[in-house]
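This briefing is meant to be read with the coordinates open. It takes up domains, chain contacts and individual residues in turn.

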Amino acid sequence: MERHIPLPMLILAVLGFAFMLMPILVVVMAGLTAGEFLTFPPQGLSLRWVAAFLQSDKYLSSFFFSFRLAVMTMIVATILGTAAALFLSRTGMIGRGAMRAFFLSPVVLPGVVIGFALFAFFIATDMGISRTIWGLWIGHILYSTPYVIGTVGAALASYDTSLEEAARSLGASPWRAFRKVTLPNISQGIQAGSIFAFIVSFGQFEVSLFLSSPNSEPLPIAMYNSLRYQFEPSAAAAGIFAITLVTASVLLTNRLVNIRRLLERQQAGG
Amino acid sequence: MTEIAATTPAPVKSGGLGLRQSQFKWLLVVPLIVFFCIFFVIPVGLIFATSFNPSAIGQVAPTADITLENYIRFFSRSNYLMAAGRSVVLGVVVALVTLIVAYPMAFVIAKTRHPGRNTTLLILVLAAMQLDMVIRLYGMMVILGDNGLINQMLLGLGLTSEDAPVQLMYNFLGVVLGLVQFALPFMILTLVGVIRGIDPSLEEAARALGASRRRAFFRVTLPMSMPGILSGSLLVFALSISSYIVPALMGGFRVGVLPIHIFQQVAEGARFQFGATIAVILFLLSAGAIAIYLRVGARRSGGLA
C-alpha cells in the first residue's frame with residue numbers, strides 16, 4: 001500500500017470499510033444460504049431463495065413496480081434537472097447560489113415530512129393520486145432531480161462555453177450550436193446524472209412511506225413490511241438483485257464520468 | 001431534450017442559449033421552479049398552516065381556525081419533548097461516532113495517489129451510499145439481532161448463554177449503529193474533499209521543523225480539516241434526525257424519535273394537525289442544521305448532497 005499513510009490510520013480505515021460493507025456482504029450471503037436463515041458458520045450455498053424470490057408474487061411485482069417508477073422518475077428528473085443546471089451555469093444573477101441550494105434541499109430535508117406534506121396536499125386538493133404510482137412519481141422526482149443538477153452542473157463547470165460561442169459566431173443557430181457543440185460535451189454528465197436519478201428513486205424509502213399502498217408498493221417498502229415481522233431469505237435474494245443493479249449503475253457511471261473528478265468538481269463548483 | 005428545444009426561442013440574433021445576454025435562458029429553469037412551487041413549497045406550506053388548526057380527527061385540509069393548541073400540547077407533554085430531545089441527542093451522538101469512523105477512511109482515500117485504487121475506494125463508498133437503506137439494515141439486523149451472527153459467535157465461544165443474548169439492537173445502541181451505517185458515506189465524501197485540499201507541504205514543513213508524525217497530524221492536518229468536520233457533522237445531524245427507517249427497524253419502535261411520532265399520529269391516529277406540528281418542528285430542526293451547514297462553507301467540501 002501507499003507508504004505515506006501512517007499504519008494506525010490504515011488499520012482504522014480498513015475497520016471502517018469493513019463496517020460499511022459488511023451488511024451488504026451479509027445480505028448477499030443470506031440470499032445465497034442453503035439453510036432456513038443465515039447462521040455462523042454458513043451452511044453452504046444454494047439458489048433456493050433466489051428461486052423463491054423469482055417465484056414470489058409479492059417481491060417480484062414490487063421489483064418491477066420500483067423499476068418502472070425509477071424509469072419514469074429518471075426521464076422527468078433528467079429533463080428538468082439538465083435544463084435547470086444549464087440555467088444555473090449560465091446566469092450571473094444574484095441569488096443563484098440560493099436557488100441552487102433550494103433545488104438541492106429535498107435531498108437533506110426529512111423525507112417523511114415531504115412525503116406527509118405531499119400526501120396531505122393530494123388529499124386536500126382532491127387530486128386523487130395520493131396512493132398511486134403518480135403520487136410516488138412526483139415525490140421521487142423531487143428527490144432525484146437534485147442529483148441530476150449536481151452531476152450535470154459538474155459537467156458544465158468543466159465545459160468551455162466559448163466553444164458554443166464560436167459555433168454561434170460562425171452562423172449556427174442557438175439550438176444548433178447547443179445540439180452540435182454543447183450537448184455532446186456534456187452528454188456523459190447527463191447520462192451519469194440520469195443513472196443517479198434512477199438509483200435514488202429505486203432505493204427511495206422515506207418519501208414513499210406515506211405515498212404507497214399495497215397496490216402500489218415499491219421494493220423498499222415491500223421489504224420493510226416483511227422485515228418488521230420476520231426475516232425472509234427471499235427478501236435478501238431480492239436485495240441481491242438490487243445490489244447488482246446499484247453496483248452496475250455506479251460502475252457504468254464511472255465509465256461515463258470520472259467519479260474522482262466528479263466529486264472534486266463538486267467541491268470546486270460549490 | 002425536446003423540452004430545451006421547446007423552451008429556447010431561436011431567431012433572436014444576439015441572444016441564444018449560450019450567450020450571457022440572452023433574456024430567454026430563464027425559460028430553462030421555469031419548469032423546475034413551477035414543479036418545486038406546486039409540489040414542494042405549497043405542500044410544506046400546507047403542513048405549516050395545518051399545524052395551527054385545532055385538532056380534528058380525519059380533517060386534512062387547513063381551515064381558517066387559528067390556534068396554538070398543538071404547539072402547547074407538544075411542549076407541555078413530556079412524551080413529545082423527550083422524543084425531540086432523543087432525536088437531538090441521537091443526531092449529536094451519531095455525528096460524533098460517524099466522524100470518528102469516517103475520518104481515517106477519508107484520510108486514506110484522500111492520500112491514496114494510485115488513481116485506480118483511489119477510484120475503487122470511491123466506488124465502494126458511492127455504491128454503499130446509493131444502496132437502498134432497507135437492504136443495508138437487513139444486513140445489520142442479521143449481524144446484530146438476538147439470534148444474529150455476533151450473538152451466535154459469542155454463544156459458540158461460550159461467552160453468553162442461550163437465554164441471555166447481548167442486546168445489540170432494538171435499543172439506542174442499535175439505532176446509533178444503523179444511523180452511522182447510513183451517514184458514513186456522506187461524511188466520507190465531505191471529508192475527502194477537505195483533506196485533499198490541504199497543501200501537503202504544510203505537514204512536510206512541520207515535519208522538517210522537527211514535529212513527530214503524530215504531532216504534525218494533530219497540529220496541522222486535523223485543525224485544517226475543521227471546515228469539513230463541521231459541515232460533515234451538521235449534514236449527518238440533519239440526516240440522522242430525519243430518518244424513519246433506521247429507528248423503525250433498528251429500534252423496533254422502542255426508540256421513539258420525531259419521525260416515528262409523525263407516522264403514528266397521521267397513519268395510525270389520522271391526527272393530521274398534531275402530526276403536522278411534529279413535522280414542522282422536525283423540519284425546522286433539520287433546515288436549521290442545513291442552513292448552518294451552508295454558511296459554514298459547503299463550498300469547501302464535496303459530496304453529492
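The centres of domain 1 of chain A and domain 2 of chain A, taken over C-alpha atoms, are separated by 29 Å, and the domain assignment places domain 1 at 1-46 and domain 2 at 56-269, with bounds that come from an automatic or database domain assignment. This is a predicted model, in which local features need pLDDT of at least 70 and side-chain atom pairs count only at pLDDT 80 or more, while totals for chains, interfaces and linings use all residues. Residues are numbered from 1 along each chain as its sequence is written, chains are lettered from A and ligands numbered from 1 in the order in which they are written, and side-chain values use heavy atoms, with hydrogens and water left out.

**Between the domains of chain A**

- Contact, meaning heavy atoms within 4.5 Å, links 8 residues of domain 1 of chain A with 6 residues of domain 2 of chain A.
- The area buried between domain 1 and domain 2 of chain A is about 500 Å², and carbon and sulfur atoms give 85% of it; buried area is the accessible area (1.4 Å probe) that two parts lose on being put together, summed over both.
- Of the area that domain 1 of chain A buries against domain 2 of chain A, V27(A), V28(A) and G31(A) supply 54%, more than any other three residues.
- The residues on the side of domain 1 of chain A that touches domain 2 of chain A divide into 6 nonpolar, 1 polar and 1 charged, where Ala, Val, Leu, Ile, Met, Phe, Trp, Tyr, Cys and Pro count as nonpolar, Asp, Glu, Lys and Arg as charged, and the others, Gly among them, as polar.
- Between domain 1 and domain 2 of chain A there are 0 salt bridges, a salt bridge being a side-chain nitrogen of Lys or Arg within 4 Å of a carboxyl oxygen of Asp or Glu.

**Between chain A and chain B**

- In chain A, 106 residues are in contact with 114 residues of chain B.
- Chain A and chain B bury about 10,000 Å² between them, with 81% of it on carbon and sulfur atoms.
- Helix α1 (residues 7-32) of chain A gives the largest share of the side of chain A that touches chain B, namely 15 residues.
- That side of chain A divides into 79 nonpolar, 16 polar and 11 charged residues.
- The count of salt bridges between chain A and chain B is 0.

**The salt bridge within chain A**

- Over all chains the structure holds 1 salt bridge, in which the side chains of E164(A) and R90(A) meet at 3.4 Å, N to O.
- Because E164(A) lies in helix α7 (residues 162-169) of chain A and R90(A) in helix α3 (residues 57-90) of chain A, the pair ties together parts that are 74 residues apart in sequence; helices (H or I, at least four residues) are DSSP runs, numbered from the N terminus.
- Both E164(A) and R90(A) are buried, that is, under 20% relative accessible area (1.4 Å probe, protein chains only).

**Two residues of chain B**

- Q181(B) lies in helix α8 (residues 172-197) of chain B and is buried, with a relative accessible area of 0%.
- Leaving out residues up to four places away in sequence, Q181(B) touches F19(A), M20(A), P23(A), M133(B), R136(B) and M140(B).
- T67(B) lies in the loop between α2 (26-50) and α3 (69-76) of chain B and counts as buried at 19% relative accessibility.
- The side chain of T67(B) reaches the backbone nitrogen of E69(B) at 2.9 Å.

Conventions. Buried < 20%, exposed > 50% of the residue type's maximum accessible area, 1.4 Å probe, protein only. Polar contact = N/O pair within 3.5 Å; in protein donor to acceptor, adjacent residues only side chain to side chain.
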